[in-house]
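This report describes selected features of a single protein model. The sequence and the structure are shown first, and the discussion follows.

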Amino acid sequence: MKQSKIELLAPAGNREAFVGAINAGADAIYLSGKSFGARKYANNFTKEEIVDLIRYAHLRNVRVYVTVNTLIFEDELDDLFDYCDYLVLNNVDALIVQDLGVIDAFCKRYPDTEIHASTQMNTYNELQLRFLSDLGVKRVILARETPLNDIEEMLKKIDIDVEVFVHGALCVSYSGNCLFSSLRGGRSGNRGECAQPCRLKYSLFKGDILVESESYLLSTKDLMTIHELDKIISSGVKSLKIEGRMRKPEYVIATVRAYREALDNVLSGTPFDLQ
C-alpha cells in the first residue's frame, strides 16, 4: 500500500449519527450548518451545536469538516464570512466548498484552516487538480466518476490530498452538473434544494408506443466499494467518504462499522469476508 494512514470519513445529519459514527470508528465527520449546505432539508446543526460537536470530536481525536457547498450569491457574502469566521475561530478542521470564488477567498482569509474542494466542482483531471492546489486547496473530493487509473496518474504529478466517495447514493448526472431538479421544479441542487426527481417513477415511450410503465428509470443503485478498497487505497487516495447526511443513524453506524473493519483488514493485509 502507498499509505499507512487512510481517513474514513462519515456523514452526520443529526447528533445521534454523529456520535454513532465516531463510536463505529470514523476518523472524521462531515456535517452542515443551517445555511450554505447542499442538503438544505436535512436536520442540520446550528453554529453553536457545531462548536459543541467539534469539541466532542476533538476530545476523541476525530476531525470535523463543515460543508459550505452551495453556489453563493453576492448578497450572501457578508453572512457567509460571519458564519465561517465563527467556525474557524472555534477550530473547525476544514471547510468543504463548491463555489470557486469562495474557495479563492477562503484560502486567503483562512490560511491555517484546510479548504476542501467539493465533489460538486466536478474535478477529474490533472489541470483542475493543479489549479486548485495552486489556489491553496488542501484536499479535493474528486468527481465520483473519476477512474482509479486516472487518480493514480494525477497523484504521481501533484502533491495534494484526494478524497473519494466509497459508499452511498449516486447522482444520475455527472458530479455537480445536474439541473434536473431546477428545471423540473425550480429547486436547485447547487443551492441545496434538490428535490431528487431522479428517484421518482417515469414511463418510457418510443414514439407513441409505451415501452416501460411507472418504473424507476433514472434512479441509480447505491455505490458500494467495500470489496475494492485495496485498489482505491493503492491509487493514492487519502480519504474514503461515506454518503448519507439524510440517512437514518442506524444506516450511518452500520456502514461506518463495516468499512472500518474492512479498511483495517486491508491495511494490515488480513483477509476479510463480508457476510
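Is Glu228 buried, partly exposed or exposed? The model is a predicted one, and in it Glu228 counts as partly exposed, with a relative accessibility of 33%. This residue belongs to the loop that links β10 (223-224) and α8 (229-234).

**Separation in sequence and in space**

Glu228 also forms part of a pair for which the C-alpha distance was computed. Glu228 and Val266 are separated by 38 residues in sequence, and their C-alpha atoms are 9.8 Å apart. For a second pair, Ile209 and Pro249, the separation in sequence is 40 residues and the C-alpha to C-alpha distance is 44 Å. Ile209 is located in strand β9 (residues 209-215). Its relative accessibility is 59%, so Ile209 counts as exposed, the cut-off for that class being over 50%.

**Strands with both faces buried**

Strand β11 comprises residues 239-242 and is covered on both faces. Ser239 and Lys241 lie on one side, Leu240 and Ile242 lie on the other, and all of them are buried. Two strands are joined to β11. Strand β1 (residues 7-11) runs parallel to β11 and is joined to it by three bridges; within this pairing, Glu7 has Ser239 as its bridge partner. Strand β7 (residues 161-168) is likewise parallel to β11, with four bridges between them. Here His167 has Ile242 as its bridge partner.

Strand β4 (residues 94-97) runs parallel to β5 and is connected to it by four bridges. In this pairing, Ile96 is opposite His116 of β5.

**Surface patches**

Which residues form the negative surface patch? The patch consists of Glu74, Asp75, Asp78, Asp79 and Asp82. One of its members, Glu74, lies in the loop between β3 (63-68) and α3 (77-89). Glu74 has a relative accessible area of 68% and is therefore exposed.

A nonpolar patch is also present on the surface, formed by Val172, Leu204, Val211, Leu217 and Leu218. Together these residues have about 370 Å² of accessible area. Val172 is situated in the loop between β7 and α7 (180-185). Its relative accessible area is 37%, so Val172 is classed as partly exposed.

**Positive phi angles**

Most residues other than glycine have a negative phi. Asn61 has a phi near 60 degrees, a positive value in a residue that is not glycine. Asn61 is placed in the loop between α2 (47-58) and β3, and at 72% relative accessibility it counts as exposed. Glu214 is not a glycine either, yet its phi is positive, at about 50 degrees. Glu214 lies in strand β9 and is partly exposed, with a relative accessible area of 47%.

**Accessibility of selected residues**

The table collects the relative accessible areas discussed above.

| Residue | Relative accessible area | Class |
|---|---|---|
| Glu74 | 68% | exposed |
| Ile209 | 59% | exposed |
| Val172 | 37% | partly exposed |
| Glu228 | 33% | partly exposed |
| Asn61 | 72% | exposed |
| Glu214 | 47% | partly exposed |

How values were computed:
Residues numbered from 1 in each chain as written. Predicted model: local features only at pLDDT ≥ 70, side-chain atom pairs only at ≥ 80, totals over all residues. Heavy atoms only, no water. Patch = residues over 30% accessible without salt bridge, like charges linked within 9 Å, V, L, I, M, F, W, Y side chains within 5 Å. Areas by Shrake-Rupley, 256 points an atom, 1.4 Å probe, with all protein chains shown as cover. Salt bridge = Lys/Arg side-chain N within 4 Å of Asp/Glu carboxyl O. Lys, Arg positive; Asp, Glu negative; His and termini not counted. Charge placed at Lys NZ, Arg CZ, Asp CG, Glu CD. Buried < 20%, exposed > 50% of the residue type's maximum accessible area, 1.4 Å probe, protein only. Pairing = 2+ DSSP bridges.
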